[in-house]
Amino acid sequence: MGTASKPDVEPVGLAAGDRIDHEQALADRQALIQLCLYALDRARSGGVAERIEQGLAAIGVRALRPDGERFDPARHEAGGAVPTEDPALEGTVAETEVVGFADHERLLRAPVVTVYTRR
């Protein structure tokens with residue numbers, strides 16, 4: 001995957017004496033994260049999707065693609081099953097259908113996955 005271009009906008013610092021309303025800042029952060037996830041789901045350009053995902057990662061929001069992990073109904077949503085003859089694969093995530101996201105350790109959206117099941 002290519003590297004997304006650098007952002008066109010630089011962060012603005014606070015002037016001396018400015019106060020931060022921390023509750024409002026957290027609410028604004030959550031709203032922006034949700035807006036980014038909405039935009040990411042609808043992005044038609046791989047470069048735009050990559051840039052949004054990188055921006056989210058920079059603030060601690062990571063994508064969850066659990067391919068190859070054991071299926072955990074507390075962390076994953078089953079979207080489908082694929083049969084396997086290999087008993088070692090049973091209950092393992094075969095593919096991530098919809099990427100999930102976590103804000104640090106808090107699950108924002110569980111990934112929707114296809115799970116190997118025994119024939």
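Which residue stands opposite Val93 in strand 6? Val93 stands opposite Val115. Before going on, keep in mind that this is a predicted model, where local features need pLDDT of at least 70, side-chain atom pairs count only at pLDDT 80 or more, and totals for chains, interfaces and linings use all residues. Residues are numbered from 1 along each chain as its sequence is written, and side-chain values use heavy atoms, with hydrogens and water left out.

**Exercise 1. Describe the surroundings of strand 4: its partners, its side chains and its turn.**

Step 1: start with strand 1 (residues 61–64). Strand 1 and strand 4 run antiparallel and share four bridges; Leu64 stands opposite Gly100 in strand 4.

Step 2: go to strand 5. Strand 4 and strand 5 pair in the antiparallel sense over three bridges, and Ala102 has Leu107 in strand 5 as its bridge partner.

Step 3: sort the side chains. Gly100 and Ala102 point one way from strand 4, while Phe101 and Asp103 point the other way, and all are buried. Buried means under 20% relative accessible area, exposed over 50%, and partly exposed in between (1.4 Å probe, protein chains only). For the whole chain of 119 residues, 22% count as buried.

Step 4: inspect the turn. Strand 4 and strand 5 form a hairpin with two residues between them. His104 sits in the loop between strand 4 and strand 5 (106–109), and it has a positive phi of about 60° although it is not a glycine. His104 is partly exposed because its relative accessible area is 48%.

**Exercise 2. Count the salt bridges, then pick out one that links distant parts of the chain and a group that forms a network.**

Step 1: apply the rule. A salt bridge is a side-chain nitrogen of Lys or Arg within 4 Å of a carboxyl oxygen of Asp or Glu. The count comes to seven salt bridges.

Step 2: take Arg29. Arg29 forms a salt bridge with Asp103, with the closest N and O atoms 2.6 Å apart. The pair links distant parts of the chain, since Arg29 is in helix 1 and Asp103 in strand 4 (residues 100–103), 74 residues apart.

Step 3: compare cover at each end. Arg29 counts as partly exposed because its relative accessibility is 22%, whereas Asp103, at 7%, counts as buried.

Step 4: Glu69 and Arg75 meet in a salt bridge (2.9 Å, N to O). Arg75 also has a salt bridge with Asp72, the closest N and O atoms being 3.7 Å apart.

Step 5: Glu69 is partly exposed at 34% relative accessibility, Asp72 is partly exposed at 25%, and Arg75 is partly exposed at 42%.

**Exercise 3. Find what Tyr38 takes part in.**

Step 1: Tyr38 lies in helix 1 (residues 22–42) and is partly exposed because its relative accessible area is 48%.

Step 2: look at the ring. The charged end of Arg42 sits over the ring of Tyr38, 3.6 Å from its centre. The rule here is that NZ of Lys or CZ of Arg is within 6 Å of the ring centre and within 35 degrees of the ring normal.

Step 3: Leu32, Leu35 and Tyr38 make a nonpolar surface patch of about 340 Å². Patches are made of residues with over 30% relative accessible area and no salt bridge, where like charges are joined within 9 Å and nonpolar side chains (Val, Leu, Ile, Met, Phe, Trp, Tyr) within 5 Å. Accessible areas come from the Shrake-Rupley method with a 1.4 Å probe; for residues, only the protein chains shown count as cover.

Note on methods:
Pairing = 2+ DSSP bridges.
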